[in-house]
Amino acid sequence: MMRRVAGRALGYLLLATASCWAALASAELARLSPVLWPVVLPWLVATGLPAAAGAVTATALLKTAEPR
């Protein structure tokens, strides 16, 4: 029981973190000129891959921790 609750809590936390990253990254890109996007691209890749992995992990955690 506690394991399921902890899995759901961790899943929601990871999903919220990945969503916040996506919102901040899109806001940053909206403020930049498209000419500067290649300069920012390494930062997006370096921080975006862990955020995407967190979103996938969160989805898996939430699916496995569903109440039965």
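Modeller: A salt bridge is a side-chain nitrogen of Lys or Arg within 4 Å of a carboxyl oxygen of Asp or Glu. In this predicted model, a search of the whole structure turns up one salt bridge.

Biologist: What makes Glu28 and Arg31 a salt bridge?

Modeller: Their closest N and O atoms are 2.6 Å apart. The cut-off is 4 Å, so the pair of Glu28 and Arg31 at 2.6 Å counts as a salt bridge. Side chains of opposite charge can pair when their charged atoms come close.

Biologist: How far apart in helix α1 are Glu28 and Arg31?

Modeller: They are three residues apart, so about one helical turn separates them.

Biologist: Why is Arg31 called exposed, and why is Glu28 called partly exposed?

Modeller: Exposed means over 50% relative accessible area, buried means under 20%, and partly exposed is in between. Arg31 has 64% relative accessibility, so Arg31 is exposed. Glu28 has 33%, so Glu28 is partly exposed.

Biologist: Why is Gly11 called buried?

Modeller: Its relative accessible area is 0%, and the limit for buried is under 20%. Gly11 therefore counts as buried. Gly11 lies in helix α1, where the buried residues are Gly7, Gly11, Ala18 and Ala25. These buried residues pack against α2.

Biologist: Which residues does Gly11 touch, leaving aside its neighbours within four places in sequence?

Modeller: Gly11 is in contact with Ala58, Leu61 and Leu62. In the chain as a whole, among contacts between residues at least 6 apart in sequence, 84% join residues at least 24 apart.

Biologist: How do you know that the span of helix α1 is close to the expected one?

Modeller: Helix α1 covers residues 2-31, which is 30 residues. From its first C-alpha to its last it reaches 44 Å, and 44 Å is expected at 1.5 Å a residue.

Biologist: What makes Val39 exposed?

Modeller: Val39 is in helix α2, residues 37-64. Its relative accessibility is 62%, and exposed begins over 50%, so Val39 counts as exposed. With Val35 and Leu36, Val39 forms a nonpolar patch on the surface, with about 310 Å² of accessible area together.

Notes:
Residues are numbered from 1 along each chain as its sequence is written. This is a predicted model: local features need pLDDT of at least 70, side-chain atom pairs count only at pLDDT 80 or more; totals for chains, interfaces and linings use all residues. Side-chain values use heavy atoms; hydrogens and water are left out. Patches are made of residues with over 30% relative accessible area and no salt bridge: like charges are joined within 9 Å, nonpolar side chains (Val, Leu, Ile, Met, Phe, Trp, Tyr) within 5 Å. Accessible areas come from the Shrake-Rupley method with a 1.4 Å probe; for residues, only the protein chains shown count as cover. Helices (H or I, at least four residues) and strands (E, at least two) are DSSP runs, numbered from the N terminus. Buried means under 20% relative accessible area, exposed over 50%, partly exposed in between (1.4 Å probe, protein chains only). The expected span of a helix is 1.5 Å times one less than its number of residues. Contact means heavy atoms within 4.5 Å.
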